[in-house]
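Subject: Handing over a model

Dear colleague,

I am passing on the structure below, and I would be grateful if you could look through it alongside my notes.

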Amino acid sequence: GEVDVASLTPDDLEVSTITLYQRESILHRGRQIAVTDEFICYAIKGGMVRVINRVDASRALLRGLARVADMAFAPSDAEGAENEDVAVIAAVGPDGKLIVWNLESSDGTLEPVELLQVDEGSPTTSPDAADRVAWRPGPAEDDVRILASVLCDGESVSAWAVNLMQEGQEPAGVHLDAGGGAVRDLAFTPDGAALVIAMESTVKVIDFRGVRARAVLDGQVATLRAV
(Lines give C-alpha, C1' and ligand atoms only; values in the text may rest on other atoms or scores of the structure.)
Protein backbone atom coordinates (compact mmCIF):
# COMPACT_ATOMS: atom_id res chain seq x y z
CA GLY A 1 0.00 0.00 0.00
CA GLU A 2 0.90 3.67 0.02
CA VAL A 3 3.46 4.89 2.56
CA ASP A 4 3.24 8.23 4.35
CA VAL A 5 6.82 9.39 3.88
CA ALA A 6 6.37 12.34 6.25
CA SER A 7 5.61 9.97 9.12
CA LEU A 8 8.76 7.88 8.69
CA THR A 9 11.61 8.14 11.19
CA PRO A 10 15.31 7.56 10.39
CA ASP A 11 15.02 4.10 11.94
CA ASP A 12 12.26 3.20 9.47
CA LEU A 13 14.45 3.87 6.43
CA GLU A 14 16.79 1.29 4.97
CA VAL A 15 19.55 2.99 2.99
CA SER A 16 21.98 1.31 0.62
CA THR A 17 24.74 2.95 -1.41
CA ILE A 18 24.18 2.71 -5.14
CA THR A 19 27.35 4.48 -6.24
CA LEU A 20 29.92 7.07 -5.20
CA TYR A 21 30.16 9.84 -7.77
CA GLN A 22 33.49 11.65 -8.04
CA ARG A 23 33.64 14.47 -10.56
CA GLU A 24 36.56 16.39 -12.00
CA SER A 25 37.32 19.80 -10.49
CA ILE A 26 36.57 21.71 -13.68
CA LEU A 27 33.71 23.93 -14.77
CA HIS A 28 30.87 22.08 -16.52
CA ARG A 29 28.26 24.28 -18.15
CA GLY A 30 26.02 21.36 -19.09
CA ARG A 31 24.32 18.62 -17.13
CA GLN A 32 26.59 15.83 -15.94
CA ILE A 33 23.81 13.83 -14.25
CA ALA A 34 20.40 12.74 -15.59
CA VAL A 35 17.80 10.82 -13.58
CA THR A 36 14.44 9.13 -14.14
CA ASP A 37 12.28 6.93 -11.91
CA GLU A 38 14.19 3.92 -13.25
CA PHE A 39 17.69 5.09 -14.18
CA ILE A 40 20.58 7.18 -12.88
CA CYS A 41 23.11 8.39 -15.47
CA TYR A 42 26.29 10.34 -14.80
CA ALA A 43 29.33 11.34 -16.84
CA ILE A 44 32.71 9.81 -16.02
CA LYS A 45 36.22 10.19 -17.40
CA GLY A 46 36.89 9.24 -20.99
CA GLY A 47 33.63 10.65 -22.33
CA MET A 48 31.60 7.73 -20.97
CA VAL A 49 28.24 7.76 -19.19
CA ARG A 50 27.58 5.32 -16.36
CA VAL A 51 24.00 4.03 -16.28
CA ILE A 52 22.53 2.38 -13.17
CA ASN A 53 19.11 0.79 -12.94
CA ARG A 54 17.62 2.05 -9.67
CA VAL A 55 15.42 -1.04 -9.29
CA ASP A 56 17.85 -3.94 -9.72
CA ALA A 57 21.23 -2.08 -9.65
CA SER A 58 22.24 -3.42 -13.08
CA ARG A 59 24.82 -1.24 -14.83
CA ALA A 60 26.08 -0.29 -18.25
CA LEU A 61 28.43 2.19 -19.92
CA LEU A 62 27.52 4.51 -22.77
CA ARG A 63 30.54 5.14 -25.01
CA GLY A 64 31.37 7.20 -28.06
CA LEU A 65 32.04 10.76 -26.87
CA ALA A 66 35.44 12.30 -26.17
CA ARG A 67 33.87 14.22 -23.28
CA VAL A 68 30.29 14.68 -22.10
CA ALA A 69 29.17 18.30 -22.31
CA ASP A 70 25.43 17.85 -21.69
CA MET A 71 22.85 15.08 -21.42
CA ALA A 72 19.09 14.75 -21.02
CA PHE A 73 16.39 12.08 -20.96
CA ALA A 74 13.52 12.32 -23.41
CA PRO A 75 10.17 13.12 -21.76
CA SER A 76 8.07 10.12 -20.76
CA ASP A 77 4.76 9.53 -22.47
CA ALA A 78 1.58 9.44 -20.41
CA GLU A 79 0.64 6.30 -18.50
CA GLY A 80 -0.98 3.78 -20.78
CA ALA A 81 0.74 5.10 -23.92
CA GLU A 82 2.70 2.69 -26.10
CA ASN A 83 6.03 4.35 -25.26
CA GLU A 84 5.46 5.05 -21.56
CA ASP A 85 8.26 2.66 -20.47
CA VAL A 86 10.80 3.72 -23.11
CA ALA A 87 13.89 5.41 -21.61
CA VAL A 88 15.86 7.39 -24.18
CA ILE A 89 18.83 9.61 -23.33
CA ALA A 90 20.81 12.01 -25.52
CA ALA A 91 24.36 13.22 -24.84
CA VAL A 92 26.50 15.74 -26.69
CA GLY A 93 30.22 16.49 -26.57
CA PRO A 94 32.39 19.46 -27.55
CA ASP A 95 33.84 17.34 -30.37
CA GLY A 96 30.81 17.87 -32.61
CA LYS A 97 29.22 14.53 -31.76
CA LEU A 98 25.67 13.78 -30.59
CA ILE A 99 24.53 10.29 -29.57
CA VAL A 100 21.07 9.02 -28.55
CA TRP A 101 20.53 5.69 -26.77
CA ASN A 102 17.52 3.62 -25.77
CA LEU A 103 18.08 1.98 -22.37
CA GLU A 104 16.57 -1.50 -22.36
CA SER A 105 16.52 -3.42 -19.06
CA SER A 106 15.29 -6.99 -18.66
CA ASP A 107 15.93 -9.77 -16.10
CA GLY A 108 18.73 -7.86 -14.40
CA THR A 109 20.52 -7.04 -17.66
CA LEU A 110 20.89 -3.48 -18.93
CA GLU A 111 21.44 -3.17 -22.70
CA PRO A 112 21.90 0.29 -24.26
CA VAL A 113 20.84 0.48 -27.91
CA GLU A 114 22.25 3.30 -30.03
CA LEU A 115 19.43 4.97 -31.94
CA LEU A 116 21.21 7.92 -33.52
CA GLN A 117 24.71 9.30 -33.91
CA VAL A 118 25.56 12.65 -35.48
CA ASP A 119 29.26 13.34 -36.00
CA GLU A 120 30.11 16.80 -37.29
CA GLY A 121 33.80 15.98 -37.23
CA SER A 122 35.16 19.08 -35.51
CA PRO A 123 35.17 20.63 -32.03
CA THR A 124 33.05 23.61 -31.01
CA THR A 125 34.83 26.60 -32.52
CA SER A 126 33.25 29.39 -30.47
CA PRO A 127 34.84 29.62 -26.98
CA ASP A 128 31.72 31.24 -25.49
CA ALA A 129 29.30 28.63 -26.82
CA ALA A 130 27.66 25.96 -24.69
CA ASP A 131 27.00 22.48 -26.08
CA ARG A 132 23.39 21.68 -25.23
CA VAL A 133 20.61 19.19 -25.92
CA ALA A 134 16.90 19.83 -25.38
CA TRP A 135 13.95 17.50 -26.01
CA ARG A 136 10.66 18.92 -27.21
CA PRO A 137 7.92 18.32 -24.58
CA GLY A 138 4.67 16.55 -25.32
CA PRO A 139 3.78 13.04 -26.47
CA ALA A 140 5.79 11.26 -29.16
CA GLU A 141 4.18 11.25 -32.59
CA ASP A 142 4.46 7.88 -34.39
CA ASP A 143 7.35 6.97 -32.04
CA VAL A 144 9.23 10.14 -33.07
CA ARG A 145 10.46 12.92 -30.80
CA ILE A 146 12.20 16.19 -31.66
CA LEU A 147 15.66 16.85 -30.18
CA ALA A 148 17.45 20.21 -30.46
CA SER A 149 21.23 20.53 -30.16
CA VAL A 150 23.87 23.22 -30.62
CA LEU A 151 25.99 22.66 -33.72
CA CYS A 152 29.76 22.43 -33.39
CA ASP A 153 30.25 25.97 -34.70
CA GLY A 154 28.52 27.12 -31.52
CA GLU A 155 26.40 29.64 -33.39
CA SER A 156 23.58 27.54 -34.85
CA VAL A 157 21.12 24.91 -33.69
CA SER A 158 19.80 21.71 -35.26
CA ALA A 159 16.46 19.99 -34.66
CA TRP A 160 16.58 16.21 -35.13
CA ALA A 161 13.71 13.76 -35.60
CA VAL A 162 14.53 10.76 -33.39
CA ASN A 163 12.61 7.51 -33.76
CA LEU A 164 12.50 6.02 -30.27
CA MET A 165 12.19 2.46 -31.58
CA GLN A 166 14.62 2.42 -34.54
CA GLU A 167 18.23 1.35 -34.01
CA GLY A 168 21.04 2.90 -36.08
CA GLN A 169 18.91 5.46 -37.91
CA GLU A 170 20.32 8.03 -40.32
CA PRO A 171 20.29 11.64 -39.05
CA ALA A 172 17.22 13.56 -40.21
CA GLY A 173 16.92 17.16 -39.15
CA VAL A 174 16.85 20.84 -39.97
CA HIS A 175 19.48 23.49 -39.20
CA LEU A 176 18.33 26.70 -37.50
CA ASP A 177 20.60 29.74 -37.81
CA ALA A 178 20.57 31.50 -34.44
CA GLY A 179 22.08 34.57 -36.08
CA GLY A 180 23.30 36.26 -32.91
CA GLY A 181 26.71 34.90 -32.01
CA ALA A 182 27.57 32.09 -29.64
CA VAL A 183 24.63 30.06 -28.33
CA ARG A 184 24.68 30.03 -24.53
CA ASP A 185 21.59 27.90 -23.86
CA LEU A 186 18.38 26.61 -25.40
CA ALA A 187 15.06 25.35 -24.07
CA PHE A 188 11.60 24.50 -25.36
CA THR A 189 8.51 26.16 -23.99
CA PRO A 190 6.45 23.82 -21.75
CA ASP A 191 3.91 23.23 -24.53
CA GLY A 192 6.63 22.47 -27.08
CA ALA A 193 5.34 25.15 -29.43
CA ALA A 194 8.57 27.18 -29.46
CA LEU A 195 12.32 26.82 -28.97
CA VAL A 196 14.07 29.60 -27.06
CA ILE A 197 17.73 30.22 -27.93
CA ALA A 198 19.87 32.43 -25.68
CA MET A 199 22.93 34.19 -27.12
CA GLU A 200 25.29 36.72 -25.59
CA SER A 201 22.84 39.62 -25.67
CA THR A 202 19.89 38.29 -27.65
CA VAL A 203 17.10 35.78 -27.16
CA LYS A 204 15.53 34.23 -30.25
CA VAL A 205 12.19 32.40 -30.17
CA ILE A 206 11.64 29.82 -32.93
CA ASP A 207 8.04 28.80 -33.64
CA PHE A 208 8.15 25.01 -33.87
CA ARG A 209 4.63 24.69 -35.20
CA GLY A 210 6.00 26.04 -38.47
CA VAL A 211 9.76 26.13 -37.70
CA ARG A 212 10.13 29.86 -38.25
CA ALA A 213 11.37 32.79 -36.18
CA ARG A 214 8.54 33.96 -33.93
CA ALA A 215 10.38 36.82 -32.21
CA VAL A 216 13.81 38.22 -31.36
CA LEU A 217 14.31 39.78 -27.94
CA ASP A 218 17.24 42.20 -28.06
CA GLY A 219 18.82 44.89 -25.95
CA GLN A 220 19.82 42.79 -22.97
CA VAL A 221 22.22 44.63 -20.67
CA ALA A 222 23.94 41.67 -19.02
CA THR A 223 25.48 38.65 -20.67
CA LEU A 224 22.99 35.82 -21.01
CA ARG A 225 23.95 32.48 -19.50
CA ALA A 226 20.74 30.43 -19.54
CA VAL A 227 17.06 30.38 -20.50
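Predicted model: local features only at pLDDT ≥ 70, side-chain atom pairs only at ≥ 80, totals over all residues.

Residues are numbered from 1 along each chain as its sequence is written, and side-chain values use heavy atoms, with hydrogens and water left out.

Helices (H or I, at least four residues) and strands (E, at least two) are taken as DSSP runs numbered from the N terminus, and two strands are said to pair if DSSP finds at least two bridges between them. Strand β3 (residues 48–53) is joined to β4 in the antiparallel sense over 4 bridges, and Val51 has Ala60 in β4 as its bridge partner.

Further along, β14 and β15 form a hairpin with 3 residues between them; strand β14 (residues 194–199) pairs with β15 in the antiparallel sense over 5 bridges, with Ala194 standing opposite Asp207 in β15. Strand β15 (residues 203–207) is mostly covered, since 5 of its 5 residues are buried (under 20% relative accessible area, with exposed over 50% and partly exposed in between, using a 1.4 Å probe and protein chains only). Val203, Val205 and Asp207 point one way from β15, whereas Lys204 and Ile206 point the other way.

The count of aromatic pairs comes to 1, where rings of Phe, Tyr and Trp (its six-membered ring) pair if their centres lie within 6.5 Å, and planes under 30 degrees apart count as stacked, over 60 as edge-to-face and the rest as tilted. The ring centres of Phe188 and Phe208 are 5.1 Å apart and their planes stand at 80°, so the pair is edge-to-face. Because Phe188 lies in strand β13 (residues 183–188) and Phe208 in the loop between β15 and β16 (212–217), the pair ties together parts that are 20 residues apart in sequence. Both Phe188 and Phe208 are buried.

Finally, Leu8 lies in the segment before β1 and counts as partly exposed, because its relative accessibility is 32%.

With best wishes
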